[in-house]
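Please look through the notes below with the structure open beside them. They are meant to be read in order.

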Amino acid sequence: MAKKLLFIINPRAGVQKISKPLLDIIQIFSDAGYLATVLTTKKQNDATEFVLNYGADKDLIVCAGGDGTLNEVIAGLKKSGFDIPLGYLPAGSTNDFAASLDLPTDLLDAAREIVEGEVHHFDLGMLNERYFSYVACCGAFAKTSYGTPQNVKNILGHLAYLLNGVKDLPSFQKIHIKIDTDEQSYDGNYIYCGVSNSTNLGGVIKLDQSLVDMSDGLFEVMMIKSPTNPLELEKIVRALLSSNYHDCPMIEFVRTRTADFYFDSDVPWSIDGEYDPGAMHVHITNLPSALSLMKR
């Protein structure tokens, strides 16, 4: 008896590179013994609804799209309680989550890795009531991730995020934040705070792979202080461009399982590159080994 696969596609992700190899991808699934149900998203949250409505009897769920599409599918899996492994075809413009896991950039290779791989377990995050796979951030680069036009992201990819993020630094308003982590508290003015389980954060910030274990039950939290003079701003820009954060006095870095953020007013967040309105109090917690992902 054929195994059942739910294949969710965002046809507008990235540069629409899923359309050309689509039949070959389905053939790979078929050759591996899967009978695929193919659904394409048309609007926000479609992927979540597809999992909730059509995922119950499936042996595998595969999504093709960017980080936002992956986020929606994960939300559907967690909300439904389905214990079904997930396969991911990174077809977005930057694919931060896939890059952190060294998933193939070629979609045919990625499809083969799904059917030939095994289930691996990775941590997920939850910001108040929303799940995230790799990053939740507020401040300077939060709007960059969801505010950069899709056509610009398609053309420039990661460079678009970096350029749009860095150019906004001088004009970005400081945010007063009180932050409680498992071991320590912080209270000050910041221009960026990111809670991540990834080597790539929002398409802009990159962490050394030796710093990140995506299955250790801990987040990496980066906090960039608000500069008070041009020299401090220059130090931040240099650290961002060189990815050398630990030597920069304007950047604080900590690992934690939970984090609470207290603001003077509601502050928007970016969750896996998608907008969230935020709140005056944001609680973030790590969900250890909550994602079952197919990879070699």
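This is a predicted model: local features need pLDDT of at least 70, side-chain atom pairs count only at pLDDT 80 or more; totals for chains, interfaces and linings use all residues.

1. Start with helix α5, which spans residues 107–116. Its buried residues are Leu107, Leu108, Ala110, Ala111, Glu113 and Ile114. An α-helix has 3.6 residues a turn, so residues three or four places apart point the same way. Keep that spacing in mind when reading the list of buried positions.

2. What lies over those buried residues? The cover of the buried residues of α5 includes α1 (22–31), β3 (60–65), β4 (86–90) and β17 (281–295).

3. The N-terminal end of α5 is capped by Asp106. A side-chain oxygen of Asp106 lies 3.1 Å from the backbone nitrogen of Leu108. Leu108 is also one of the buried residues of α5.

4. How do α1 and α5 lie relative to each other? Their axes come within 10 Å and cross at roughly 15°. Angles under 35 degrees count as roughly parallel, and α1 and α5 are therefore roughly parallel to each other. The crossing of α1 past α5 is right-handed. On the α1 side, the contact is made by Asp24, Ile25, Ile28 and Phe29. On the α5 side, Leu107, Leu108, Ala111, Arg112 and Val115 take part.

5. Strand β5 covers residues 118–127 and runs antiparallel to β17, with 9 bridges joining the two. Within this pairing, Leu124 stands opposite Leu287 in β17. Note that β17 is also among the elements covering the buried residues of α5.

6. Strand β5 has another antiparallel partner, β6 (residues 130–132), joined to β5 by 3 bridges. Arg130 in β6 is the bridge partner of Leu127. β5 and β6 form a hairpin with 2 residues between them. In that turn, Asn128 has a positive phi of about 50°.

7. Now turn to strand β12, residues 219–225. Is this strand enclosed or open? Buried means under 20% relative accessible area. Since 6 of the 7 residues of β12 are buried, the strand is largely enclosed by the rest of the structure.

8. Which strands pair with β12? One is β9 (residues 185–196), which runs antiparallel to β12 and is joined to it by 6 bridges. Another is β13 (residues 251–256), which pairs with β12 in the antiparallel sense over 6 bridges.

Technical notes. Residues are numbered from 1 along each chain as its sequence is written. Side-chain values use heavy atoms; hydrogens and water are left out. Buried means under 20% relative accessible area, exposed over 50%, partly exposed in between (1.4 Å probe, protein chains only). Helices (H or I, at least four residues) and strands (E, at least two) are DSSP runs, numbered from the N terminus. Contact means heavy atoms within 4.5 Å. A polar contact is a pair of N or O atoms within 3.5 Å; within protein, one must be able to donate a hydrogen and the other to accept it, and residues adjacent in sequence count only if both atoms are side-chain atoms. Two strands pair if DSSP finds at least two bridges between them. Axes are lines fitted to C-alpha atoms, for helices over the stretch in contact, and angles run from 0 to 180 degrees between N-to-C directions. Angles under 35 degrees count as roughly parallel, over 145 as roughly antiparallel, 65 to 115 as roughly perpendicular and the rest as oblique. A crossing is left-handed if the near helix is turned anticlockwise from the far one by less than a right angle, and right-handed if clockwise.
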